Amino acid sequence: MLVSAKEMLTKAKAGHYAVGQFNINNLEWTKSILLTAQELNSPVILGVSEGAGKYMAGYKTVVGMVNGMLEELNITVPVALHLDHGSYEGCLKCIEAGFSSIMFDGSHYPIEENVAKTKELVAICNEKGMSLEAEVGSIGGEEDGVVGMGEVADPKECKAIADLGVTMLAAGIGNIHGKYPANWKGLSFETLDAIQQLTGDMPLVLHGGTGIPADMIKKAISLGVAKINVNTECQLAFADATRKYIEAGKDLEGKGFDPRKLLAPGAEAIKATVKEKMELFGSVGKA
């Protein structure tokens, strides 16, 4: 059964570890992440971008697939199904489809409009027992068409959004989606510290978890980050393992590849990546 992310993130912040959000794009990714979470007894958040939702035929299809896997695979750890970087309209569609958590990315709106729309969604999510993530200060890079310049969030604006009653807050602190460039300046821990001081017990979210050095990850967790998103690293691992399988020429005597065998190395690579991240984030055994 899908659950809100509220309880798992409250426990994570109090326990000084972070829950991983791993984005899903198909059946293989979803199955690999769920099996790894169960094996490690770790809570997990399955992230779905609007683009991935469309690719997988729609949000109701995603909900049906995930709920089916929870039952068929006997998954007992807490699992939240979360819309990633959702538009206001996308949030409403996912609420209707049966997601247990949503992210409203209002960072591109003036702060007044971001506050107004977030406030409306807080009321709906509270009524339905769902968790809600909001964003202040856009995350750099591009993910599924969502482009951010990587602005550092204003701590006072973060407090204004947090005070609306959201479950978690994503604040831009110099993090970016995708691979980090060689001249990346690193995370602004000064900003993160200021945000935590103003938002108190609010679990904070770190997007762009791929490529951030382990020491920065741990310092961010010590400053209130309780959820870390990983997508690009899984994409790279999956693609590399699949490429190597194809280059090895393991087709059916020139008749083509068995799709289940073709995707199996990529699925195993996802498992290894998720395990590595869960261990780094400290969520192993915390279900």
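Tutor: Residues are numbered from 1 along each chain as its sequence is written, and side-chain values use heavy atoms, with hydrogens and water left out. Since the model is predicted, local features need pLDDT of at least 70 and side-chain atom pairs count only at pLDDT 80 or more, while totals for chains, interfaces and linings use all residues.

Student: What makes the sheet a barrel, and in which order do its strands run?

Tutor: Eight strands close up in the order β1-β2-β3-β4-β5-β8-β9-β10, with parallel pairing. On average, neighbouring strands of this sheet are turned by 25° against each other, direction ignored. Strands here are DSSP runs of E with at least two residues, helices are runs of H or I with at least four, and both are numbered from the N terminus.

Student: Why are β3 and β4 called paired?

Tutor: Pairing requires that DSSP finds at least two bridges between two strands. Strand β3 (residues 79–86) and strand β4 (residues 101–104) have three bridges in the parallel sense, so they qualify. His82 stands opposite Ser101 in β4.

Student: Which strands does helix α2 touch, and at what angle does its direction meet that of β2?

Tutor: Helix α2 (residues 27–40) packs on the sheet against β1 (19–23), β2 (44–49) and β3. Touching is a matter of contact (heavy atoms within 4.5 Å). The direction of α2 makes about 165° with that of β2; such angles run from 0 to 180 degrees between N-to-C directions, with axes fitted to C-alpha atoms, for helices over the stretch in contact. Helix α8 (residues 189–199) also packs on the sheet, touching β8 (168–171), β9 (204–206) and β10 (225–230), and its direction makes about 155° with that of β9.

Student: How do you know whether Thr36 is buried or exposed?

Tutor: Buried means under 20% relative accessible area, exposed over 50%, and partly exposed in between, using a 1.4 Å probe and protein chains only. Thr36 has 2%, so it counts as buried. Thr36 lies in helix α2 and touches Lys271, Val274 and Lys275, leaving aside residues up to four places away in sequence.

Student: Why do we say that the buried residues of α9 line one face?

Tutor: In helix α9 (residues 214–222), the residues Met216, Ile217, Ala220 and Ile221 are buried. Seen down the axis, the buried residues fall within an arc of 140°, so they line one face of the helix; the arc is that of the directions from the helix axis to the C-beta atoms. They pack against α8, β9, β10 and α11 (259–281). The face turned away from this buried side carries the exposed residues Asp215 and Lys218. After α9 comes Gly224, with a positive phi near 105°.

Student: What makes a space a cavity, and how many are found at 30 Å³ or more?

Tutor: On a 1 Å grid over the protein atoms alone, a cavity is a set of points where a 1.4 Å probe fits but cannot get out, and lining residues have an atom within 4 Å of a point. A search of the whole structure finds two cavities of 30 Å³ or more.

Methods
1 Å grid on protein atoms, 1.4 Å probe; cavity = no way out; pocket = protein on both sides within 12 Å on 5 of 7 lines; lining within 4 Å. Points joined across faces, edges and corners; volume = space filled by probe spheres on them.
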